[in-house]
Amino acid sequence: VPERCLHHVPDHVPFEDVAMTEPGCVACNAVMELSRITPGDTVVVMGPGTIGLMVLQMCKLCGPGKLILVGTSKDTTRLEVGRQLGADVTLMADKENVVEAVLALGDGFGAHHVFDCVGISAALKPALEMVRPAGQITKVGWGKEPMNFNLDPLVQKAATLQGSFSHTYKTWERVIGLMGNGQLNLAPLRRIFALDEWETAFKTMDSLEIAKSILVP
């Protein structure tokens, strides 16, 4: 590996944290480099997977006034992790009208920022409905399905739709710095497995019981 591609990891940062640097960088790029959160903002994170929970932590560092995590009834465990990591409110999209809930939680105008970390195209529709005028939607999740709805709310609200993909060298430096300073709590997201337990590790993650499996050789 070329030396220019390497990063120095502080001695006190455990291997299990370092193994999560890449998803941390995806989240950091979306929140700290492409979004404009200011203290007191209402922020919604849609999708409590690994990326969504990392986005939640990055948002928490920006000092939002209200931090809302949206999942489904299948995400019970991961929504609880989100509460441990700083979510003020958790919502289940298959049990309640999340748009109405978000509007009721603030001043009635909607969220300043919505982070779409779901991974299906349809998730953009409620994001458009819950973002406030002049707000921002940052789309991190992929979705190959066609969008069978129009984007007029984006125009009507003069909102910003920001795509976020990957990260840069400086993002890695920033995330490793956050790890070194103890500003990220990664332990609740993961479970450690021995390498020969790889099948159990994948099945446990696929069942949504945890957000991330870490294999240790």
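Helix H3 gives the lining of the largest pocket its largest share, three residues. The model is predicted, so local features need pLDDT of at least 70 and side-chain atom pairs count only at pLDDT 80 or more, while totals for chains, interfaces and linings use all residues. Residues are numbered from 1 along each chain as its sequence is written, and side-chain values use heavy atoms, with hydrogens and water left out. Helices (H or I, at least four residues) and strands (E, at least two) are DSSP runs, numbered from the N terminus. For accessibility, buried means under 20% relative accessible area, exposed over 50%, and partly exposed in between (1.4 Å probe, protein chains only).

**The largest pocket**

- The largest pocket has a volume of about 600 Å³. A pocket is an open set of points on a 1 Å grid over the protein atoms alone, where a 1.4 Å probe fits and protein lies on both sides within 12 Å along at least five of seven lines. Its volume is the space filled by probe spheres set on the points, which are joined across faces, edges and corners.
- The lining of the largest pocket comprises 30 residues (those with an atom within 4 Å of a point), and Met 46, Gly 47, Cys 117, Val 118 and Gly 119 lie nearest the centre.
- Helix H3 (50-61) and strand E2 (66-71) are the elements that give two or more residues to this lining.
- By class, the lining holds 17 nonpolar, 10 polar and three charged residues. Ala, Val, Leu, Ile, Met, Phe, Trp, Tyr, Cys and Pro count as nonpolar, Asp, Glu, Lys and Arg as charged, and the others, Gly among them, as polar.
- Met 46 belongs to strand E1 (residues 42-46) and is buried, at 5% relative accessibility. The C-alpha atoms of Met 46 and Ala 127 are separated by 8.3 Å, although the two residues are 81 apart along the chain.

**Cysteines**

- The whole structure contains zero disulfides, a disulfide being a pair of cysteine sulfur atoms within 2.5 Å.
- Cys 62 takes part in no disulfide, and the nearest cysteine sulfur, that of Cys 59, is 6.3 Å away.
- Cys 117 also has Cys 59 as the site of its closest cysteine sulfur, but the distance of 8.1 Å is too far for a bond. Cys 117, one of the residues nearest the centre of the largest pocket, is buried, with a relative accessible area of 13%.

**Salt bridges**

- The count comes to nine salt bridges, each a side-chain nitrogen of Lys or Arg within 4 Å of a carboxyl oxygen of Asp or Glu.
- Asp 75 and Arg 78 form one of them, at 2.7 Å from N to O. Asp 75 is buried at 5% relative accessibility, and Arg 78 is buried at 12%.
- Lys 125 and Glu 129 form another, at 2.8 Å from N to O. These residues are four apart in helix H6 (residues 124-130), so about one helical turn separates them. Lys 125 is partly exposed at 38% relative accessible area, and Glu 129 is partly exposed at 35%.
- Glu 199 and Lys 203 meet in a salt bridge at 3.4 Å from N to O. They lie four residues apart in helix H9 (residues 198-206), and are thus separated by about one helical turn. Glu 199 is partly exposed at 41% relative accessibility, whereas Lys 203 is exposed at 55%.

**Aromatic pair**

- The structure holds one aromatic pair. Rings of Phe, Tyr and Trp (its six-membered ring) pair if their centres lie within 6.5 Å; planes under 30 degrees apart count as stacked, over 60 as edge-to-face and the rest as tilted.
- The ring centres of Trp 142 and Phe 165 are 5.8 Å apart and the planes stand at 85 degrees, so the pair is edge-to-face.
- The pair links distant parts of the chain, 23 residues apart: Trp 142 is in the loop between strand E5 (131-139) and helix H7 (152-156), and Phe 165 is in the loop between strand E6 (160-163) and helix H8 (169-180).
- Both Trp 142 and Phe 165 are exposed.

**Backbone with positive phi**

- Ala 134 has a positive phi of about 65 degrees although it is not a glycine. Ala 134 lies in strand E5 and is exposed, at 57% relative accessibility.
- Ala 158, likewise not a glycine, has a positive phi of about 50 degrees. Ala 158 is placed in the loop between H7 and E6 and is exposed, with a relative accessible area of 55%.
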